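Hi,

Here is the structure I promised to hand over.

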Amino acid sequence: KLKYTLEIIKVKKSLIGVNTHRANRITEHGLKNKLINEFKKIKLIKPEFKFSKDTRFDFLCDKKIIEVKNVTLTRENKIAEFPDAITSRGTKHLIKLVDSMKKKYDPYVLFLTQIQGIEYFRIAKDIDYNYYENYLLAKKAGVQFLAYRCKIDLNEIVIDKKIKIIDE
């Protein structure tokens, strides 16, 4: 066990936040400081919401469930992608988010992009087509998807602005 963690790397002159454990802290900071437009009016922030015996979501904010996905993959200029590997857990979360609507929750997936200068986001269907198909099903069912990029420098990583999701 090391006493240090890898937080940021530089790839082609862009900084990328690579500590996956940091995403929820960045999001919680964004929720508390009203940096995410869709959640500016929330009153209660409950991290690690236990939805069912086998499923936890990252946040419950009033009746909004928020599942955060840390995004560190970019293969084209200004486009971030998720996932960077097959994610059966991510697919399970999409299915459970659809189920949550039966219990009157308002489900969201927040793709938190820790890559400097990113303007767009898309699902990496060539990496995990099953996740992509479930993303489309969840979107059609009413799960809301958001992508926000972070401002990154050597002192901090904070939510910066909403970016466009490209559905191809």
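**Aromatic contacts and charges over rings**

Lys 63 lies over the face of Tyr 105, and the distance to the ring centre is 4.1 Å. Please keep in mind that this is a predicted model. A second ring has a charge over it too: the charged end of Lys 103 sits 4.7 Å from the centre of the Phe 51 ring.

Now the ring pairs. With centres within 6.5 Å as the cut-off, the count comes to twelve aromatic pairs. One of them joins Phe 82 and Tyr 131. This pair is edge-to-face, with 5.5 Å centre to centre and 70° between the planes. Phe 82 belongs to strand E7 (residues 79-82) and Tyr 131 to helix H3 (residues 129-141), so the contact ties together parts 49 residues apart in sequence. Buried or exposed, these two residues? Both Phe 82 and Tyr 131 are buried.

Next, Tyr 135 and Phe 145. Their rings also form an edge-to-face pair, at 4.6 Å centre to centre, with 70° between the planes. Tyr 135 is in helix H3 and Phe 145 is in strand E10 (residues 144-152), so this pair ties together parts that are ten residues apart in sequence. Tyr 135 and Phe 145 are both buried.

Which residues make up the aromatic cluster? Phe 82, Tyr 131, Tyr 135 and Phe 145 are among them.

Best wishes

Note on methods:
Residues are numbered from 1 along each chain as its sequence is written. This is a predicted model: local features need pLDDT of at least 70, side-chain atom pairs count only at pLDDT 80 or more; totals for chains, interfaces and linings use all residues. Side-chain values use heavy atoms; hydrogens and water are left out. Rings of Phe, Tyr and Trp (its six-membered ring) pair if their centres lie within 6.5 Å; planes under 30 degrees apart count as stacked, over 60 as edge-to-face and the rest as tilted. Helices (H or I, at least four residues) and strands (E, at least two) are DSSP runs, numbered from the N terminus. Buried means under 20% relative accessible area, exposed over 50%, partly exposed in between (1.4 Å probe, protein chains only). A charge sits over a ring if NZ of Lys or CZ of Arg is within 6 Å of the ring centre and within 35 degrees of the ring normal.
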